[in-house]
Amino acid sequence: MKKIALTLLASLLLCGCAANGGFSKKDKEIINTSTEGILHVYTIESEDETMILRAKSEDLSRRALKSRDYALLARRMVETVSDTAVGGVGIAAPQIGINKRVVAVQRFDKEGAPFEVYPNIYILDYSEDKKKGPEGCLSVPNERYEVLRSTSVTIRYFDINEGKVVTESVEGFTAVIFQHEVDHLEGIIYTDRVLM
Ligand SMILES: [Zn+2]
(Lines give C-alpha, C1' and ligand atoms only; values in the text may rest on other atoms or scores of the structure.)
Protein backbone atom coordinates (compact mmCIF):
# COMPACT_ATOMS: atom_id res chain seq x y z
CA MET A 1 0.00 0.00 0.00
CA LYS A 2 2.79 2.35 1.02
CA LYS A 3 4.67 1.48 -2.15
CA ILE A 4 1.64 2.26 -4.32
CA ALA A 5 1.19 5.60 -2.55
CA LEU A 6 4.83 6.49 -3.15
CA THR A 7 4.65 5.55 -6.84
CA LEU A 8 1.52 7.64 -7.19
CA LEU A 9 3.20 10.58 -5.49
CA ALA A 10 6.25 10.25 -7.76
CA SER A 11 4.12 10.25 -10.91
CA LEU A 12 2.11 13.20 -9.65
CA LEU A 13 5.34 15.13 -9.10
CA LEU A 14 6.53 14.25 -12.60
CA CYS A 15 3.28 15.42 -14.18
CA GLY A 16 3.31 18.56 -12.09
CA CYS A 17 6.50 19.90 -13.60
CA ALA A 18 6.51 21.72 -16.93
CA ALA A 19 9.53 19.89 -18.38
CA ASN A 20 7.35 17.40 -20.26
CA GLY A 21 6.03 19.85 -22.79
CA GLY A 22 3.29 21.33 -20.65
CA PHE A 23 2.62 24.94 -19.75
CA SER A 24 4.42 26.24 -16.66
CA LYS A 25 2.60 28.00 -13.85
CA LYS A 26 3.89 31.33 -15.18
CA ASP A 27 2.75 30.48 -18.75
CA LYS A 28 -0.74 29.76 -17.42
CA GLU A 29 -0.81 33.03 -15.51
CA ILE A 30 -0.01 34.97 -18.70
CA ILE A 31 -2.52 33.01 -20.82
CA ASN A 32 -5.32 33.47 -18.30
CA THR A 33 -4.62 37.10 -17.34
CA SER A 34 -7.99 38.82 -17.49
CA THR A 35 -8.75 36.70 -20.65
CA GLU A 36 -9.86 39.87 -22.41
CA GLY A 37 -7.90 42.49 -24.29
CA ILE A 38 -4.44 42.26 -25.77
CA LEU A 39 -1.45 40.69 -24.03
CA HIS A 40 1.60 42.66 -22.99
CA VAL A 41 4.27 42.44 -25.72
CA TYR A 42 7.82 41.91 -24.40
CA THR A 43 10.48 44.26 -25.79
CA ILE A 44 14.27 44.53 -25.75
CA GLU A 45 13.85 47.76 -23.77
CA SER A 46 13.45 45.65 -20.60
CA GLU A 47 16.31 43.48 -19.32
CA ASP A 48 13.97 40.87 -17.82
CA GLU A 49 11.92 40.65 -20.99
CA THR A 50 15.08 40.37 -23.12
CA MET A 51 16.05 37.26 -21.11
CA ILE A 52 12.81 35.59 -22.28
CA LEU A 53 13.22 36.86 -25.85
CA ARG A 54 16.75 35.43 -25.96
CA ALA A 55 15.85 32.01 -24.53
CA LYS A 56 15.15 28.95 -26.71
CA SER A 57 11.55 27.79 -26.83
CA GLU A 58 10.34 24.22 -26.31
CA ASP A 59 7.78 22.04 -28.07
CA LEU A 60 4.39 21.51 -26.46
CA SER A 61 3.17 17.98 -25.72
CA ARG A 62 0.13 16.58 -27.56
CA ARG A 63 -1.70 16.80 -24.25
CA ALA A 64 -0.86 20.50 -23.83
CA LEU A 65 -1.98 21.15 -27.43
CA LYS A 66 -5.42 19.74 -26.58
CA SER A 67 -5.79 21.91 -23.49
CA ARG A 68 -8.02 24.89 -22.93
CA ASP A 69 -4.83 26.85 -22.15
CA TYR A 70 -3.50 26.23 -25.67
CA ALA A 71 -6.78 27.25 -27.32
CA LEU A 72 -6.82 30.42 -25.26
CA LEU A 73 -3.13 31.13 -26.01
CA ALA A 74 -3.74 30.73 -29.77
CA ARG A 75 -6.75 33.05 -29.68
CA ARG A 76 -5.02 35.67 -27.55
CA MET A 77 -1.87 35.70 -29.70
CA VAL A 78 -3.98 36.42 -32.79
CA GLU A 79 -6.02 39.07 -30.96
CA THR A 80 -2.82 40.74 -29.79
CA VAL A 81 -0.95 40.80 -33.12
CA SER A 82 -4.04 41.83 -35.11
CA ASP A 83 -5.01 44.62 -32.72
CA THR A 84 -4.99 47.88 -34.66
CA ALA A 85 -2.72 49.54 -32.10
CA VAL A 86 -0.20 46.69 -32.36
CA GLY A 87 -0.54 46.24 -36.14
CA GLY A 88 1.79 43.28 -36.64
CA VAL A 89 1.86 40.55 -39.30
CA GLY A 90 3.21 37.87 -36.98
CA ILE A 91 3.99 37.10 -33.34
CA ALA A 92 5.86 34.36 -31.50
CA ALA A 93 4.99 33.06 -28.01
CA PRO A 94 8.25 34.35 -26.41
CA GLN A 95 7.08 37.86 -27.34
CA ILE A 96 4.29 37.52 -24.82
CA GLY A 97 6.58 35.86 -22.27
CA ILE A 98 6.05 32.17 -23.09
CA ASN A 99 9.05 30.11 -24.22
CA LYS A 100 7.04 27.55 -26.21
CA ARG A 101 7.19 26.86 -29.97
CA VAL A 102 4.03 28.65 -31.10
CA VAL A 103 3.75 31.40 -33.73
CA ALA A 104 0.86 33.30 -35.30
CA VAL A 105 1.41 34.36 -38.90
CA GLN A 106 -0.72 36.41 -41.29
CA ARG A 107 -1.10 34.29 -44.43
CA PHE A 108 -0.85 36.84 -47.20
CA ASP A 109 -0.68 33.90 -49.61
CA LYS A 110 -4.25 32.87 -48.70
CA GLU A 111 -7.51 34.56 -49.59
CA GLY A 112 -8.51 37.19 -47.01
CA ALA A 113 -4.98 37.06 -45.48
CA PRO A 114 -6.09 35.23 -42.29
CA PHE A 115 -3.95 34.93 -39.16
CA GLU A 116 -3.12 31.29 -38.43
CA VAL A 117 -1.40 29.67 -35.46
CA TYR A 118 1.37 27.08 -35.81
CA PRO A 119 2.48 24.98 -32.82
CA ASN A 120 5.74 22.99 -32.63
CA ILE A 121 6.95 24.69 -35.79
CA TYR A 122 10.36 24.25 -37.44
CA ILE A 123 11.81 25.36 -40.76
CA LEU A 124 13.19 22.27 -42.51
CA ASP A 125 14.53 23.98 -45.60
CA TYR A 126 15.53 27.51 -46.64
CA SER A 127 15.77 28.28 -50.38
CA GLU A 128 19.17 29.36 -51.63
CA ASP A 129 17.41 32.11 -53.53
CA LYS A 130 17.35 35.12 -51.20
CA LYS A 131 15.99 38.64 -51.30
CA LYS A 132 16.50 41.75 -49.18
CA GLY A 133 13.44 43.42 -47.66
CA PRO A 134 12.45 45.80 -44.84
CA GLU A 135 11.37 44.29 -41.50
CA GLY A 136 10.15 45.53 -38.16
CA CYS A 137 9.43 43.74 -34.88
CA LEU A 138 6.91 44.34 -32.09
CA SER A 139 9.73 43.62 -29.62
CA VAL A 140 12.04 46.25 -31.15
CA PRO A 141 9.84 49.38 -31.10
CA ASN A 142 10.17 52.12 -33.72
CA GLU A 143 12.90 50.47 -35.79
CA ARG A 144 12.98 49.07 -39.33
CA TYR A 145 15.89 47.44 -41.10
CA GLU A 146 16.61 45.56 -44.30
CA VAL A 147 17.13 41.81 -43.89
CA LEU A 148 18.24 39.18 -46.40
CA ARG A 149 15.77 36.24 -46.33
CA SER A 150 15.11 33.10 -48.35
CA THR A 151 12.32 33.56 -50.89
CA SER A 152 10.77 30.20 -49.94
CA VAL A 153 10.87 27.81 -46.98
CA THR A 154 9.56 24.40 -46.00
CA ILE A 155 7.85 24.45 -42.61
CA ARG A 156 6.89 21.55 -40.35
CA TYR A 157 4.32 21.91 -37.56
CA PHE A 158 1.58 20.08 -35.70
CA ASP A 159 -1.74 20.62 -37.46
CA ILE A 160 -4.39 20.84 -34.73
CA ASN A 161 -7.30 20.15 -37.10
CA GLU A 162 -5.65 17.16 -38.78
CA GLY A 163 -4.20 15.90 -35.51
CA LYS A 164 -0.80 15.22 -37.08
CA VAL A 165 2.55 16.71 -38.05
CA VAL A 166 2.50 18.24 -41.55
CA THR A 167 5.00 19.93 -43.86
CA GLU A 168 4.25 22.76 -46.23
CA SER A 169 6.10 25.01 -48.68
CA VAL A 170 5.61 28.75 -48.31
CA GLU A 171 6.78 31.52 -50.63
CA GLY A 172 7.13 35.28 -50.82
CA PHE A 173 6.38 37.72 -48.02
CA THR A 174 4.59 35.03 -45.97
CA ALA A 175 7.82 32.97 -46.06
CA VAL A 176 9.68 36.00 -44.68
CA ILE A 177 7.21 36.26 -41.77
CA PHE A 178 7.69 32.55 -40.97
CA GLN A 179 11.48 33.01 -40.94
CA HIS A 180 11.22 36.06 -38.65
CA GLU A 181 8.84 34.31 -36.22
CA VAL A 182 10.65 30.96 -36.10
CA ASP A 183 13.87 32.90 -35.38
CA HIS A 184 12.15 34.18 -32.20
CA LEU A 185 11.76 30.55 -31.03
CA GLU A 186 15.56 30.18 -31.21
CA GLY A 187 16.13 33.43 -29.30
CA ILE A 188 17.15 35.25 -32.50
CA ILE A 189 15.94 38.81 -33.07
CA TYR A 190 15.87 40.12 -36.65
CA THR A 191 18.36 42.90 -35.84
CA ASP A 192 20.94 40.05 -35.42
CA ARG A 193 20.56 39.42 -39.14
CA VAL A 194 20.85 43.00 -40.34
CA LEU A 195 23.64 43.40 -42.86
CA MET A 196 25.97 46.16 -41.73
ZN1 LIG B 1 9.68 39.95 -34.17
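The protein comprises six helices and eight strands, where helices (H or I, at least four residues) and strands (E, at least two) are DSSP runs numbered from the N terminus. The structure is a predicted model, in which local features need pLDDT of at least 70 and side-chain atom pairs count only at pLDDT 80 or more, whereas totals for chains, interfaces and linings use all residues. Residues are numbered from 1 along each chain as its sequence is written. From the N terminus on, the elements follow the order α-α-α-α-α-β-β-β-β-β-β-β-β-α.

Of the 196 residues, 32% count as buried; a residue is buried if 20 or more other C-beta atoms lie within 10 Å of its own, exposed if 12 or fewer, and partly exposed in between, with C-beta atoms placed from the backbone. Among contacts with a separation of 6 or more, 65% involve residues 24 or more positions apart, a contact being defined by C-beta atoms, placed from the backbone, that lie within 7 Å.

An open sheet is formed by three strands in the order E1-E2-E3, with antiparallel pairing; two strands pair if DSSP finds at least two bridges between them. Strand E1 (90–92) and strand E3 (115–119) are the edge strands, each pairing on one side only. Neighbouring strands of this sheet are turned by 15° against each other on average, direction ignored. Three bridges join E1 to strand E2 (residues 102–106), and glycine 90 stands opposite valine 105 in E2.

Helix H5 (residues 68–82) lies across E1, E2 and E3 and runs at about 135° to E3. Helix H6 (residues 172–185) also packs on the sheet, touching E1 and E2, and its direction makes about 160° with that of E2. Axes are lines fitted to C-alpha atoms, for helices over the stretch in contact, and angles run from 0 to 180 degrees between N-to-C directions.

H2 and H5 pack at an angle of about 55°, with their axes 9 Å apart. H2 is therefore oblique to H5, since angles under 35 degrees count as roughly parallel, over 145 as roughly antiparallel, 65 to 115 as roughly perpendicular and the rest as oblique. Lys28, Ile31 and Asn32 of H2 make the contact with Asp69, Leu72, Leu73 and Arg76 of H5.

Asparagine 32 lies in helix H2 (residues 25–32) and counts as partly exposed because it has 14 C-beta neighbours inside 10 Å. Asparagine 32 and leucine 72 are 40 residues apart in sequence, yet 7.7 Å apart in space, C-alpha to C-alpha.

Methods:
Two residues are in contact if their C-beta atoms, placed from the backbone, lie within 7 Å.
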